[in-house]
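Hi everyone, thanks for making time this morning.

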Amino acid sequence: MSTSTRSLPVLLDCDPGIDDAFALAYVACRDDVETVGVVTTAGNVGQDDVLRNALGVTDLLGMGVPVARGADVPLVEPLMTAEETHGPHGLGHAVLGECGRHPDSRSGAQLWVDLARQYPGKLVGIVTGPLTNLALALGEEPELPRLLRGLHVMGGAINYRGNTGPTSEWNIAVDPEAAHEVFEAWGKASQRVVLGALQATEAVRLDEKHRQAVAQLKDHPVGAVLADALQFYFEFHQADGLGWCAYLHDPLVVANAVTGQFAKTRPLAVDVELTGTLTRGQTVGDELGRWGKEPNVDLLCEVDAEGFIEHLLTTLRTGLG
């Protein structure tokens, strides 16, 4: 990992999770990115597993970065997990060996606050899981929207069907209150969250040739993890009626955060439905301006899926080869 002063400092809050593991490998393979912190949130699987996965994958990648245990449960909602999607421990068929790394002594929320203060105006925050830790961090440091250089979030579905409830996306549905607090805080600070919602991330559809390309990385310990995890992900998508494929959500958001490429954005005022009996957890975009609020989100759109997939595979081949 580069430690050049020209490197972009990044904090990744994640719930590994198959696509989160790809996101971790991607940032580790980029010389222009300095991952200064990793925080785990219970989501795809429980906190013990996501923390173990983050410690194990960062260890295999040689990332000497603090990994902090975040929230074990959402702010209000009982925790739901997705072992059917990501495997019993979050990495599909992959099995991590013993890891000598230990988590940072700070909580996930405290690591957010400490790093934002350490890199004022420079730190890029990326969240590829539920927003619980960031919401908790806002309670400690309300100035986070102004302290961060930018915030990039994988979550939501704007005028698009959900992948959890009929209209809700997983990361937001796991902790709707946290997402509401983050969107509201950024709006009040006249800042915008860069939001990679499902209609953008589901443009990234890996097929068999992409699976085979990842399988060719098996000579590297992390490549082997990614290959075995991706095999499970393909099997899940096929069993779910989507065909022999895999939607790789998180890496698109991470790549856009560090390169500014592979998608355009459009401004939108967004909030989260908290009380609907059929729509709790839905991200609602005010396309007509009826709320009279300034946009608090830059929504990813017009995704260059083919260009991104080639970029991702090239980055992994170069960094893990």
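What follows is a short tour of the pockets, the cores, the cysteines and a few backbone details.

A word on the ground rules. This is a predicted model, so local features need pLDDT of at least 70, and side-chain atom pairs count only at pLDDT 80 or more, while totals for chains, interfaces and linings use all residues. Residues are numbered from 1 along each chain as its sequence is written, and side-chain values use heavy atoms, with hydrogens and water left out.

Let's start with the pockets. By pocket I mean an open set of points on a 1 Å grid over the protein atoms alone, where a 1.4 Å probe fits and protein lies on both sides within 12 Å along at least five of seven lines; lining residues have an atom within 4 Å of a point. Points are joined across faces, edges and corners, and the volume is the space filled by probe spheres set on them.

The largest pocket holds about 450 Å³ of space. Its lining has 26 residues, and the closest to the centre are Thr85, Asn163, Trp170, Phe236 and His249. Which helices supply at least two residues each to that lining? They are H1 (18-28), H3 (83-86), H7 (170-174), H11 (221-239) and H12 (249-259). Helices here are DSSP runs of H or I with at least four residues, strands are runs of E with at least two, and both are numbered from the N terminus.

Setting aside residues up to four places away in sequence, threonine 85 touches Ile18, Phe232, Tyr233 and Phe236. Contact means heavy atoms within 4.5 Å.

The second largest pocket comes in at about 340 Å³. It has 18 lining residues, with Arg52, Asn53, His89, Leu96 and Gly97 nearest the centre. Helix H2 (residues 47-61) contributes the most to this lining, with five residues. The classes here are eight nonpolar, five polar and five charged.

Now the interior. A nonpolar core is a set of buried Ala, Val, Leu, Ile, Met, Phe, Trp, Tyr and Cys residues joined through side-chain atoms within 4.5 Å. The largest one has 56 residues, and those touching the most other members are Phe22, Leu61, Leu226, Leu230, Phe308, Leu316 and Leu320. There is also a second, separate core of 39 residues, including Leu111, Val113, Ala135 and Leu151.

Tyrosine 26, in helix H1, is buried at 0% relative accessibility. Beyond its neighbours within four places in sequence, tyrosine 26 contacts Val254, Ala255, Val258, Thr259, His311, Leu312, Thr315 and Leu316. Tyrosine 26 and glycine 319 are 293 residues apart in sequence, yet their C-alpha atoms are 8.3 Å apart in space.

How many disulfides does the structure hold? Zero, taking a disulfide as a pair of cysteine sulfur atoms within 2.5 Å.

Finally, some backbone details. Proline 16 and glycine 17 are joined by a cis peptide bond, with omega at about -5°, and glycine 17 lies in the loop between strand S1 (8-14) and H1. Serine 190 is not a glycine but has a positive phi of about 55°; this serine is in the loop between helix H8 (176-188) and strand S6 (193-196), and is exposed at 66%. Glutamate 302 also has a positive phi, about 50°, in the loop between strand S12 (297-301) and helix H13 (305-320), and is exposed at 57%.

Terms used. Nonpolar A, V, L, I, M, F, W, Y, C, P; charged D, E, K, R; others polar. Buried < 20%, exposed > 50% of the residue type's maximum accessible area, 1.4 Å probe, protein only.
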